[in-house]
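Visitor: I'd like to learn how to read the pockets in a model. Could you walk me through one?

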Amino acid sequence: MRKGLIQATDGFERIVHWSLALSCLALCITGLGMMFHSLNFIGELMGGLKSLKYVHNFTGIFFGVALYFTIRMWWKEAGVFSMPEDLEWIKCAGGYLWHVDNPPEVGKYNPGQKMFFLAVAGFGAIMVLTGLVMWFPLNFPPTFVRLMYMLHALGFVVIFAFFFVHLYLGTVGSPGSLDAMLTGWVTREWLQKQHPKWLKEMEHEGTLVVYGEEKQAQGHGH
Ligand code: HEM
């Protein structure tokens, strides 16, 4: 069934992605449960608001570790813009919002994905740091703690908003994408449409992994 498919992610990338994704969702749900009276019932499900806070805080540590690995493994591919093609892509929104005949070919991740990565990396780090201060508020000046509460809420709004865009584009909005994060094996057509420059690079460098075939001979002598 998988014969001829191409490997887009390895097991480590997928474990890190889902650790980050699931802990992020759990944090959003438990955080909302603490923030709004109308959602306090989420705490009741976990044995009360005190346990809700523990679940939130310890999930936060897990999220922090997953975030560390996410940044470490993806910052080169998703954290750095490559000019001029990324700028050209931004000018036409990659052809996602209106019809564009030939959207510029970008590398492994497109600028939209890079912006999402950077938002998650930056605001994710803010969430972890501000959260730690909120966990031990008596160790810091009250005004500083209040500022941390505000930043924590701001970070939530940004990540939560981006999440829905990401969820849509990772599933129904871009058919075939979910496979990249579920099994890691994708079709050549999907790569050609979604990550054409990356496909060319892998072919050129001989790093393309095709299911059922030997890895291509390494390199072209450079
Ligand atoms: C639960 C629903 C989610 C689904 C279905 C999903 C799906 C996906 C898919 C299919 C990709 C690969 C896209 C490609 O290679 O073109 C991806 C990449 C990625 N995901 Fe998720 N994801 C989810 C949640 C999350 C969450 C909550 C976060 C962060 C907190 C996250 C962070 C990332 C990052 C940083 C990437 C790398 C590329 C990019 O920036 O888009 N994902 N996800």
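Predicted model: local features only at pLDDT ≥ 70, side-chain atom pairs only at ≥ 80, totals over all residues.

Visitor: How do I find empty space to begin with?

Guide: Rolling a probe the size of a water molecule over the atoms shows where empty space is left. Here, the largest pocket holds about 1,300 Å³ of space, and 44 residues line it. Gln-113, Phe-116, His-166, Leu-169 and Gly-170 lie nearest its centre.

Visitor: Which helix gives the most to the lining of the largest pocket?

Guide: That's α6, with eight residues. By class, the lining has 30 nonpolar, 13 polar and one charged.

Visitor: Where is the ligand in all this?

Guide: The ligand takes up the space of the largest pocket. Around the ligand are 22 residues, with His-17, Gln-113, His-166, Ser-177 and His-195 the closest. α1 (11–35) supplies the largest share of that shell, six residues.

Visitor: What is the make-up of the shell around the ligand, by nonpolar, polar and charged residues?

Guide: It has 15 nonpolar residues, seven polar and no charged.

Visitor: What is the volume of the second largest pocket?

Guide: About 780 Å³. It is lined by 27 residues, and Gly-31, His-56, Met-127, Met-134 and His-152 are closest to its centre.

Terms used: Residues numbered from 1 in each chain as written. Heavy atoms only, no water. Near = heavy atom within 4 Å. 1 Å grid on protein atoms, 1.4 Å probe; cavity = no way out; pocket = protein on both sides within 12 Å on 5 of 7 lines; lining within 4 Å. Sits in = over half its atoms within 2 Å of the grid points. Helix = DSSP H or I, 4+ residues; strand = E, 2+ residues; numbered from the N terminus. Nonpolar A, V, L, I, M, F, W, Y, C, P; charged D, E, K, R; others polar. Points joined across faces, edges and corners; volume = space filled by probe spheres on them.
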